Amino acid sequence: MTKSISCADTGANCSWSTTAETEEDLMKKVSQHAKEEHEGMKVTPELVAKIKSHIKEI
Ligand SMILES: [Zn+2]
């Protein structure tokens, strides 16, 4: 099962999305994206929980 997440799903004004084979890989990509594209965005436990609640399996 491939996991998918869109940045916009988390409430950000951003069209970025990504897929990964595991939730762990997906969260790594999200963290990297947040660091590179959303300067100052902190990946807090609350944000991680929010992101995880929006992960889709495709
Ligand atoms: Zn984004």
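How many bridges join strand β1 to β3? In this predicted model, local features need pLDDT of at least 70 and side-chain atom pairs count only at pLDDT 80 or more, while totals for chains, interfaces and linings use all residues. Residues are numbered from 1 along each chain as its sequence is written.

Strand β1 (residues 3-6) is joined to β3 by 2 bridges, and the two run antiparallel. Strands (E, at least two residues) and helices (H or I, at least four) are DSSP runs numbered from the N terminus, and two strands pair if DSSP finds at least two bridges between them. The strands form an open sheet of 3 in the order β2-β1-β3, with antiparallel pairing. Its edge strands, β2 (17-20) and β3 (56-57), each pair on one side only. Helix α1 packs on the sheet, touching β1 and β2, and its direction makes about 150° with that of β2. Such angles run from 0 to 180 degrees between N-to-C directions, with axes fitted to C-alpha atoms, for helices over the stretch in contact; contact requires C-beta atoms, placed from the backbone, within 7 Å.

The largest nonpolar core comprises 5 residues, I5, L26, V30, A34 and I51. A nonpolar core is a set of buried Ala, Val, Leu, Ile, Met, Phe, Trp, Tyr and Cys residues joined through C-beta atoms within 7 Å; a buried residue has 20 or more other C-beta atoms within 10 Å of its own. Leaving aside neighbours within four places in sequence, V30 is in contact with I5 and I51.

How values were computed: A residue is buried if 20 or more other C-beta atoms lie within 10 Å of its own, exposed if 12 or fewer, and partly exposed in between; C-beta atoms are placed from the backbone. Two residues are in contact if their C-beta atoms, placed from the backbone, lie within 7 Å.
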